[in-house]
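Me: Please take a close look at a single part of this model. I would like one connected account of it, with its surroundings.

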Amino acid sequence: MAIWNKDKDGGVTEEKVLDVLKQVKDPDLHKDIVSLGFVRNLKIDGGNVAFDVNLTTPACPVKDQMRDEAIALVRGLAGVKDVAVNMTAEVRTTPTMDKTALKGVKNIVAVGSGKGGVGKSTVAVNLAASLAMEGTAVGLLDGDIYGPTMPIMLGIHEPPKSVNNRMIPMESAGLRFMSMGLLVKSDQPLIWRGPMAHRALQQCLFDVEWGELDYLIVDLPPGTGDIHLTLAQQVPLTGAVIVTTPQDVGLRISMKTLRMFEQTRVPILGIVENMSYYICPHCDSRDYIFGEGGGKRAAAEIGIPFLGEVPLDVAIRKQSDAGSPIVVSQPQSESAKNLREISKRIAAQVSIRSYATGPILEVE
Amino acid sequence: MALNATTPTKIKKLSPGELQILWADGHETRHLAPLLRGLCPCASCQDEMTGKRIVLPTHIPDSLEFKKIELVGQYAVHFEFSDTHHTGIYSFEYLRQLCRCPECEVSRE
């Protein structure tokens with residue numbers, strides 16, 4: 001132990017600093033940052049205190065709040081002159097994550113919906129790009145084998161290269177992505193039966209050189225079919241995000257997808273409500289054209305987190321068609337801000353799941 | 001059935017033909033390979049529409065063993081047996097329902 005820690009006249013000690021830091025709680029994990037082992041590299045030099053707070057995701061929604069709280073508490077200690085806090089992050093791995101296939105991938109999050117046309121792919125692309133903007137390594141897999149839209153939304157159409165029989169994912173908007181649309185000419189339909197779709201998804205998961213990823217976002221096709229079952233069976237999903245519109249009918253169908261995830265024990269990370277309200281491009285007024293608060297009510301009813309609302313905004317559509325997600329091209333817009341907040345809430349839910357435990361398998 | 005009762009905490013192969021499952025509610029189940037094989041839920045062992053069993057435990061030799069055991073996502077277990085049969089996916093619920101311990105036998109009656 002360093003000499004200054006033995007200061008007899010009540011100087012600043014490691015113990016005292018850690019003791020006050022115990023008052024800083026992670027609101028999602030319901031524990032203090034000291035017990036969680038988040039406080040690292042604590043250095044005390046006279047009245048100067050410096051330490052790192054290592055969170056479970058750089059996309060933590062309450063990062064700034066926790067930092068300010070930590071600084072205020074340590075500054076309140078007798079003898080402290082200056083406090084320097086460095087916020088770092090290390091995304092944890094889902095405990096049941098397979099060690100062999102996809103070994104560099106820490107968390108897989110599926111984005112699903114009950115019916116088509118709710119903007120699931122748009123939400124998925126923007127969430128993935130948001131997480132990448134927070135400094136995490138993100139992959140995006142377009143699981144919509146029959147109607148892939150990712151190449152359009154990310155503005156890339158060249159087929160991926162292969163090295164040693166493994167495909168190299170394409171890069172755009174700070175993320176790595178793979179889509180059936182990259183492998184098939186855009187006007188050519190895929191007329192496949194279930195087993196072919198199953199194989200295609202397997203290849204996109206296991207025969208792609210994803211490398212090290214904090215999050216792999218899988219954009220699912222609508223409904224509850226082969227692709228969903230394959231995904232639920234082949235990989236331990238960290239969880240699923242359900243995208244819905246505020247309309248009752250959209251919600252009711254989303255429930256089916258939700259129940260499917262429940263039956264295959266995939267944790268539901270929450271509901272994202274898309275097309276929540278219309279922002280008039282002329283006068284900026286809001287119109288709740290599909291009704292207000294439907295997603296929030298449904299989430300409360302079934303007891304899952306409500307992750308946020310995304311407006312029906314012509315700019316989202318334009319940017320998607322132009323191949324650049326709105327969170328990247330117009331980060332200051334209301335839509336982009338909402339999407340980035342949602343991505344942080346998802347990252348927080350993923351962190352919570354990483355503290356759960358799966359079954360131990362001893363079969364050899 | 002409560003979620004705890006159908007959530008395994010540990011799945012262990014005790015011998016080539018015996019499997020131990022510890023559940024989150026503290027219960028312990030022991031399964032023998034021939035019984036699980038005889039009650040395989042796949043479509044070639046059980047009629048998909050009527051649920052009538054095509055393969056029965058009495059059709060399976062006592063010497064049958066597990067060849068491979070692996071998890072299916074987060075909801076089921078997949079077995080390959082020594083007779084090469086490998087198409088069944090046993091959900092955690094099903095594995096708990098099949099528990100043959102005296103306590104479970106009593107509650108079934």
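The request and the reply follow.

Me: Take strand S13 of chain A. How many of its residues are buried, and which strands do bridges join to S13(A)? Then work outward to the rest of the model.

Reply: This is a predicted model. Start with the strand itself. S13(A) spans residues 239-244 and is mostly covered, with 6 of its 6 residues buried. Gly239(A), Val241(A) and Val243(A) point one way. Ala240(A), Ile242(A) and Thr244(A) point the other way. In a regular strand the side chains alternate between the two faces of the sheet. Both sets in S13(A) are buried.

Next, the partners. Strand S6 of chain A, residues 108-112, runs parallel to S13(A), and 4 bridges join them. Within S13(A), Val241(A) is the residue opposite Val111(A). Strand S14 of chain A, residues 268-279, also runs parallel to S13(A), here with 5 bridges. Ala240(A) has Ile268(A) of S14(A) as its bridge partner.

Now the contacts of Val109(A). Beyond its neighbours within four places in sequence, Val109(A) touches Gly239(A) and Val241(A), among others. Its other contacts include Tyr215(A), Ile217(A), Thr238(A) and Leu269(A). Ile346(A) and Val350(A) are in contact with Val109(A) too.

The largest nonpolar core holds 96 residues. Val109(A), Val111(A) and Val241(A) are among those with the most contacts inside it. The core lies between domain 1 (11-89) and domain 2 (108-353) of chain A, because both give residues to it. In soluble globular proteins, nonpolar side chains tend to be buried together.

S4(A), residues 48-55, pairs with S5(A) in the parallel sense over 8 bridges. Val49(A) has Val83(A) of S5(A) as its bridge partner.

Last, chain B. Here 12 residues of chain B are in contact with 16 residues of chain A. On the chain B side, S1 (8-15) and S4 (66-72) each supply at least two residues. S1(B) gives the largest share, 6 residues. That side divides into 6 nonpolar, 3 polar and 3 charged residues. Strand pairing crosses between the chains as well. Strand S17 of chain A, residues 360-362, pairs with S1(B) in the parallel sense over 3 bridges. Glu362(A) has Lys12(B) as its bridge partner there.

S4(B) also belongs to an open antiparallel sheet of 3 strands, ordered S4-S5-S6 in chain B. S4(B) and S6(B) are the edge strands. S4(B) pairs with S5(B), residues 76-81, over 6 bridges in the antiparallel sense. Ile69(B) stands opposite Phe79(B) of S5(B).

Definitions and conventions:
Residues are numbered from 1 along each chain as its sequence is written. Chains are lettered from A and ligands numbered from 1 in the order in which they are written. This is a predicted model: local features need pLDDT of at least 70, side-chain atom pairs count only at pLDDT 80 or more; totals for chains, interfaces and linings use all residues. Two residues are in contact if their C-beta atoms, placed from the backbone, lie within 7 Å. Ala, Val, Leu, Ile, Met, Phe, Trp, Tyr, Cys and Pro count as nonpolar, Asp, Glu, Lys and Arg as charged, and the others, Gly among them, as polar. Two strands pair if DSSP finds at least two bridges between them. A nonpolar core is a set of buried Ala, Val, Leu, Ile, Met, Phe, Trp, Tyr and Cys residues joined through C-beta atoms within 7 Å. A residue is buried if 20 or more other C-beta atoms lie within 10 Å of its own, exposed if 12 or fewer, and partly exposed in between; C-beta atoms are placed from the backbone. Domain bounds come from an automatic or database domain assignment.
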